[in-house]
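Hi everyone, and thanks for making time. Please have the viewer open so that you can follow along as I talk.

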Amino acid sequence: MARSSYPSLHAAQPGDNAMSQFRGGLESSCLPPFPSSSCSCLYLQSQKSLFTFSFRLCLVNDTLFVLLYQYQKVHTQTHHQPAMPEEATPEAAEKDATAAERDTRITFHDADHPRLTRGRSEALDGRGRDETSRSRSRGGQPRRSLSRGSNLSRRSELPSSPYTGIQIEYRTLSINVAESRAIDTEETSADLKAAAAATGVAKDKADQDYFAQLTYHHLSTDQITQQLNVSRRDGLSASMAAHRQQRDGLNTLPRAKTNYWKKVLGYVFGGFCSVLWVGVVIFFLCWRPLSSPPSIVNLALAILVLIVIALQAGFSAFQDWSTQRTMKSITDLLPAEALVVRDGQTVRIAAAELVAGDIVQLQIGNKVPADLRILSHSGDIRFDRSVLTGESDEVEGAVDGTDPSFLESRNIALMGTLVVNGSGVGVVVLTGARSVMGRIARATASTKERPTLIQREISRFVGIIVALTVVLALLILLTWVGWLRRDHPSYMNVVAMLNNVMGCVVAFIPEGMPVGVALTLMMVARRMKAVNVLPKGLSTVETLGCVNVICSDKTGTLTQNEMHVNSAAFVDQPISVTEIQSNVDSETPDACNRRLMQAALLCNDAAFDPSTMGLPVAARQVQGNATDAAVLKFAAATRQSEAEADRLPRVFQIPFNSKNKYMVTVHADGEKPAGEYRVFVKGAPDVLLPACTAYWSRQADAVVPLDAAATRAFKEYQDALSRNAERVIVLCEKTVTPVHAVSTNAFSDEMAAAATSGLAVVGILGIIDPPRPETAATVRECRRAGARFFMVTGDYGLTAAAIARNTGIFTGERDPDTAARIQSKLSPSATELRAARAAGEVRSLLLEGHALAGLAGDDWDVVCEYGEIVFARTTPEQKLRIVEEFRKRDNVVAVTGDGVNDAPALRAADVGVAVVTGSDVAIEAADLVLLDKFDSIIEAIRLGRLVFQNLQKVIAYLLPAGSWSEIWPVLLNVFFGVPLPLSSFLMIIVCVFTDLFLSLSLIMEKEEFDLLSLPPRDHRRDHLITLRIYIQAYLFTGFMETTIAHAMFFLYYWRQARIPVRELFFLFEGYTDGFHGFSQDELAHLNAVGQSIYFVTLVILQWGNVLSVRNRRLSIFQADPFTAKRRNPWLMVSILISLAIAIFVTEVPGIQTLFGTASVPIEFWLIPIPLALGILAMDEIRKLVVRVFPNGPIAKIAW
């Protein structure tokens, strides 16, 4: 903050009225008065052996002041002054953020904590104590106050790296916060830092306490607006909003910071460019001062190489830019605008401009733009928090605090959640990186990117080529130094030697390959978009083709997420759904049936869309989560449903949440005595059954005690439904006579305490979420492609196993193995399982989340070799561990997910696959986004494999002319004294222009055969460039092209000048004025024409090469470029373009003068055409031999 605008701070002398001086300083600085009502203070006191001091931190109009009282003891020689905490500034925040990036890591903790029983009342009672008691710890020592009256003061005491140890999974984080409130967290900041230095663990603890320290939800609406210094009616002023935005920054989610300088340097100096820059320097040196007069040719070559570098860098930059542009519209979850009150006017502003203290109006359909404290609402506002929790259950909004945890309290609206019903007004308390979603996004964004598989392969190829180039260049240099300079001093001077060295560099490096790779990835990415798969990064496209393990979510991915009630039962007797509905509509319905329908109808948060009320019940649209919608349709099928809802109005409810796993509704019943209420509870059987003492008997049509036999029958029926892939919920009831009045906090506490005791089981419902029609085929195709397909779900184990059988994930008839079998060493070993899988025998495994913690490293070795696995009852942190365990064993893992709590696993996977309707944090963490059905992942796998094969074809095409046939002219010139058959300029033209356009036609090639019938590429063994490709490119095609091109070069010398080949070898300095009667200019012209003929021959021979490499096994007669199945119109277009470039380079006078090219006689344009067909014919013979003798020696070395 600008200190010149505020009163100076000083140490008060004994007896001074420091507060008066402080107020006076405020008044003299023209600041508003200092009323006690606008001052939030935190009082700390510390006693040391040498001195005593105390100070007060005061929040006045958004500014933090430090008022210090200091009393020195007599005879104290050392003067200590404590550090004065200041308001967090943007610079400090940036420094903390940088530190956080260096130390950010994701930690997970067990969600089952023993101290969660300490509830809301205990936390609230603490607020009623006096200031002195709240300022002391349990040991009686002075400590930091937890009063919410000092929010900003406490903010200054947060750890410097608040993002360390973030709990990514929302529910686990909430439980950790609850535990943090229940245990002693009351050391001072100094104590925490000292403990951290001593033990190294307190820092993690302080980070966990971040959300535990937030108490916005405990304050009344007046207190929260007073603390944030905002008027509910007028909102913030423009100046206050601008000041806070300058202080806190924009309300945007943290994204991984891009180091643009590093990117630009990578574009310009990365890969082959690093070597080409050496060439630029050498060519400039050869221009001047080494050449006298300056060599214009070398200057032109230096500029040409700079153009090549610019092309490569430009394509790389364009590739990144196109990816970012594509993802920009998807990854922005925040709403574009928000309705806020500013200067007494309701205005619409960009959500990114929100600041703490803004009054925001919410309407149905809005996405919450920041973390808000609800001030008022319409009475029926509800939020969908699935973006954070991963569950579709809605949360009803409240004005007063409902939970000790900031995350669970229903008077907090969290950023990114959706308003699904009602309206309300809230005040912004946390924005951007300080919000719940911002902290989660921070951990994900700060994760260091690791290179993809294709990036590793390209880096490996670049390394091989650069190493060979350096070896050959050094060989030429040493040859000149040790031999040519001594024995043939007039043959090659320094400039000529450097030109040959650079000729070697230019010859051996396929300069067009980086551009070809970038365009290949871009074209395949476009194909993926056409099948509704959006790759975030082009280099991740190929990785999907290597995936051999897919961990898929269940709900909404494998299933339709359209649940309906399939089964119903009472504890002692099953009953069909239609029988219940018809009995309830009869004149004398059974009491048990009627009670079951009442419970299903009333303990429900779903509602029919009013616009569809005229339709049959089954066809109506439902507002609410899928489970409630299924139960509502079941109950509303009776004619009595509307009457029951009117007769039993709801007076209170506890919504379902992931921690309790049940929902409670309380209803007034006119048929019961005054003061009695009927309570219905709906939830998970394993949670509610222990709270039940009775049940409605179908046989007795009355409530009877729940004995051991009934409990056993209940569990047997639950297991039966689970085996049928049905989700089981239980409906319970009880009657209560509360002590406190309805609509009071005491009544809420009383209901919460009494809801799960003394219940009577009304009935059991089995809800089924049918698999998507394409799921079984998708699983089957993934398996055919060699990828093991696993399910990872939070469902009950038997339910998950049943769905797995229905979708083809489990294919065997026998029961799957379990963790107990693995730990007892009764299952086959990892080696035996691997051998069995290779032989086609597949074993199944069902693992539940609670058993994962007990698996040792050897056990995971066995788990990772099973062919069919279902992971049930898993938490997000367990999902992350599953991914890591498979990746440790060299598997390439793909993970599907859509929630914030899936982000760690998505980020950890080799390929994270998110759905477009998921959270922005999940999309940010993922590599691919599915825009439609899940089965589009099959096409993505196919295209991922196609891009790798096409890249291999591009490299096999580029190397013969762009590397092998260009290095031999340099070697003949240096070691055999032959006049240089190909100039450096023409080498560059071949690599960057003529070959590049033809290689682009290979990008458009369709698959040669069914790629899904092949196993995934083993990234440890199957490389982008292999020995077989080198043999094909260098020793087969390259040898033929080099031989033919040199033959054409020597043929021209014989036909034009009658100079035989034998006289050109070991000629060295003999190629000078008077050789065979030719002048120096005539000899230079002969060499220029010969170089141009060599160049034209290579261009035409590459036409035969490109027709050959289109197919690795199929004959051109089986897959020609003209018929519909393998049609490639770009091929002929590319041939014509390369021809036009060759004519331009050799026939334009300006190019001839500048770069030393010459016109080529017409016969040397025609002779190479049949020779190109000869190369195609030779490759056809190779393919025929491989097809006829697939196990022969030729097939073993064929690419």
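This is a predicted model: local features need pLDDT of at least 70, side-chain atom pairs count only at pLDDT 80 or more; totals for chains, interfaces and linings use all residues.

I'll walk through some strands and sheets, then a helix pair, a loop and some aromatic residues.

Let's start with the sheets. Please find the open sheet of 8 strands, whose order is β14-β32-β31-β30-β15-β27-β29-β28. Its pairing is mixed. Which strands are at the edges? They are β14, residues 533–535, and β28, residues 844–848, and each of them pairs on one side only. If you ignore direction, neighbouring strands here are turned by 20 degrees against each other on average.

Now zoom in on one pair from that sheet. Strand β15, residues 549–552, and strand β27, residues 788–792, run parallel and are joined by 4 bridges. To see one of the pairings, pick Ile 550: the bridge partner of Ile 550 is Phe 789 in β27. While you are looking at strands, here is a general point to keep in mind: side chains in a regular strand alternate between the two faces of the sheet.

The next sheet is also open, and it has 3 strands in the order β10-β9-β12. Here the pairing is antiparallel. At the edges stand β10, 394–396, and β12, 418–421; each has a single partner strand, so one side of each is left without a neighbour in the sheet. From one strand to the next, the twist averages 40 degrees. Looking at β9, residues 382–384, you'll find 3 bridges to β12, and the two strands run antiparallel. One place to look is Phe 383, whose bridge partner in β12 is Val 419.

I also have two hairpins for you. In one of them, strand β5, residues 337–342, is joined by 6 bridges to strand β6, residues 345–350, and the two run antiparallel. Val 341 stands opposite Thr 346 in β6. How many residues lie between β5 and β6? There are 2, and in that turn Asp 343 has a positive phi of about 55 degrees.

The other hairpin is made by β23 and β24, with 4 residues between them. In this turn, Asp 701 has a positive phi of about 50 degrees. Strand β23 covers residues 692–697 and β24 covers residues 702–705; they run antiparallel with 4 bridges. Ala 694, for example, has Pro 705 in β24 as its bridge partner.

On to the helices. In general, two packed helices are described by the angle between their axes and the distance between the axes. Our pair is helix α24, residues 708–723, with helix α27, residues 797–807: the angle is about 30 degrees and the axes are 7 Å apart. Why call them roughly parallel? Because angles under 35 degrees count as roughly parallel, α24 is roughly parallel to α27. On the α24 side, the contact is made by Asp 719, Ser 722 and Arg 723, and on the α27 side by Leu 798, Thr 799 and Ala 802. These contact residues divide into 2 nonpolar, 2 polar and 2 charged.

Ala 725 has a positive phi of about 65 degrees although it is not a glycine.

Another loop to visit is the one between α12, 273–287, and α13, 296–331, where you'll find Pro 289. A cis peptide bond joins Arg 288 and Pro 289, with omega about 15 degrees. Pro 293 is found in the loop between α12 and α13 as well, and the peptide bond from Ser 292 to Pro 293 is cis, with omega near 5 degrees. Arg 288 comes up again here, as it lies over the face of Trp 287, at 4.8 Å from the ring centre.

Arg 1058 lies over the face of Trp 1054, at 4.9 Å from the ring centre. How many aromatic pairs does the structure hold? It holds 24. There is also an aromatic cluster to highlight, whose members include Phe 976, Phe 1049, Tyr 1052, Phe 1066 and Phe 1164.

Key. Residues are numbered from 1 along each chain as its sequence is written. Side-chain values use heavy atoms; hydrogens and water are left out. Axes are lines fitted to C-alpha atoms, for helices over the stretch in contact, and angles run from 0 to 180 degrees between N-to-C directions. Angles under 35 degrees count as roughly parallel, over 145 as roughly antiparallel, 65 to 115 as roughly perpendicular and the rest as oblique. Contact means heavy atoms within 4.5 Å. Ala, Val, Leu, Ile, Met, Phe, Trp, Tyr, Cys and Pro count as nonpolar, Asp, Glu, Lys and Arg as charged, and the others, Gly among them, as polar. Two strands pair if DSSP finds at least two bridges between them. Rings of Phe, Tyr and Trp (its six-membered ring) pair if their centres lie within 6.5 Å; planes under 30 degrees apart count as stacked, over 60 as edge-to-face and the rest as tilted. A charge sits over a ring if NZ of Lys or CZ of Arg is within 6 Å of the ring centre and within 35 degrees of the ring normal.
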